[in-house]
Structures are given as structure tokens and as C-alpha cells.
Amino acid sequence: MTSIAKPSEPAKASRGRKRSAEAEKAVLDAAYDLLLHQGLQATTVEAIATRAKVSKATIYKWWPNRASVIMSAFLRESQHALPYPEELEAGSIFHRLHTMAMEFQGATGRMIAALIAESQSDPEIAQAFRDGYVLARRRQGIALVRRAIDRKLIRQADPDVVLDLLYAPLYYRLLVGHGPLSEAFIREHVTLALDGILPAAGQVSASTASRSRAKKTP
């Protein structure tokens, strides 16, 4: 199967001495720990440096700003928590969205919500989040959709619209909180979404398959 590239990390400064893998891990561990336990506002370069036992100058040699450090730490964790499937088909769509909904109910969801909120007032966070997470993941998703269209697994459609159809309801519930990201919600959402994007001849059977897979998912 064709491998999918990992989300890109935000730009990092190229000047300075060669990066120490041990020090880099300490910085990213410190940044993620601060994000997880103290929140985005408390995750300053000063706090990261203190916890990682490195100087602020060392951090700025490797990352251009606070936002880049934060996104590097977030992306390192989220790429494992929210992997893309190898192919886009009924079963993998349900599994992907179900996994995403479960992650959104924990630390990953809280961090994404905080980053989106902070993006409204912090241009550097906004750019780092958009470039490192949103656009990078959309490039992967668009490649999957195009491959599925070529294989006639889904009908001809604008890949951007297909991605919005699949993922926007999860982000809406994450940010607005008007309803739970439950398995029942995912099952109904996937059924309706598949009825919209699958080839006409396969709509009924694929919807049934989605519901069947949902019942078997622990």
C-alpha cells in the first residue's frame, strides 16, 4: 500500500549548533507536559526551558518562536493518536472517525480546542496550527480521497468538500459542546455521510456495513 506522509512540523530555526537528540526530546517532553497539565497560557518559552533544563537561547536556536515549539510537541503526540488510514473505504472511515471522537474526549481534544481558541488572538499560534496540523493533514486526506475516487470507492466529488463532510461535525461538537462525541453519533454520521459520497449502487450496502462494523467496534 502507498504510505502516507506524516504531518509537517512548523518551521524551525536553522542557525546554531547541531541539535542534541536528548535535549530536543527534553524540550518537547517539557512543552507537552506543560500543555497537558497547566494549559496553553502557562506553556511559555521560559517555563519550557526551566522544565527541560536548557537555556532559552538553546530553544531559540532550534525553534523560531514559542508557537513552533508548542506545535512540534503537539504534532509529535497527535500523529500517533490520530493516524490516517491507508485507504478510504466504509470500514476505515468509521474506524477513523470513531478513533478521532474518542481522542477528542481526552487530552488531544482539549489541546486542539485550546490551540483553535488561542489562534483567534495569537497570529503565530494560528499560523503554526494551520500549517503544521490543519493543512498538513488535509493534504494527506485529499490524497486519500483522490485515490478512493480513482478506485471508484467513492463518487466523483471535490476532495475538500468530502473532507469537510466527514470531519467538520466532529470539530463542531468538540468546540461548541452541544452534543456528545458518542459512538451512536459517529454511527449515524458515518451512515449519512457514506450515503452522500459512495457510488449510488453501493449506498445501501455500504451504510449497512458501516452500522454492522459500528456494533462490533469495542
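Visitor: Are α5 and α8 roughly parallel or roughly perpendicular to each other?
Guide: This is a predicted model, where local features need pLDDT of at least 70 and side-chain atom pairs count only at pLDDT 80 or more, while totals for chains, interfaces and linings use all residues. Residues are numbered from 1 along each chain as its sequence is written, and side-chain values use heavy atoms, leaving out hydrogens and water. The axes (lines fitted to C-alpha atoms over the stretch in contact, with angles from 0 to 180 degrees between N-to-C directions) of these two helices (DSSP runs of H or I, at least four residues, numbered from the N terminus) come within 11 Å and cross at roughly 15°. Under 35 degrees counts as roughly parallel, so α5 and α8 are roughly parallel.

Visitor: Which residues of α8 does α5 meet?
Guide: From the α5 side come Ile93, Arg96, Leu97, Met100, Ala101 and Phe104 (contact means heavy atoms within 4.5 Å). The residues of this contact divide into ten nonpolar, no polar and one charged; here Asp, Glu, Lys and Arg count as charged, Ala, Val, Leu, Ile, Met, Phe, Trp, Tyr, Cys and Pro as nonpolar, and the others, Gly among them, as polar. The α8 partners are Leu166, Tyr167, Leu170, Tyr171 and Leu174.

Visitor: How does α6 lie against α8, roughly perpendicular or roughly parallel?
Guide: Helix α6 (residues 107–119) packs against helix α8 (residues 159–176) at about 80°, with the axes 10 Å apart. Angles of 65 to 115 degrees count as roughly perpendicular, so α6 against α8 is roughly perpendicular. Gly109, Ile112, Ala113 and Ile116 of α6 touch Tyr171, Leu174 and Leu175 of α8. To answer you in short, the arrangement is roughly perpendicular.

Visitor: Which element gives the most to the lining of the largest cavity?
Guide: A cavity is a set of points on a 1 Å grid over the protein atoms alone where a 1.4 Å probe fits but cannot get out, and lining residues have an atom within 4 Å of a point. Here the lining is Pro85, Leu88, Ile93, Arg96, Leu97, Leu166 and Tyr167. With three residues, the top giver is α5.

Note on methods: Parallel < 35°, antiparallel > 145°, perpendicular 65-115°, else oblique. 1 Å grid on protein atoms, 1.4 Å probe; cavity = no way out; pocket = protein on both sides within 12 Å on 5 of 7 lines; lining within 4 Å.
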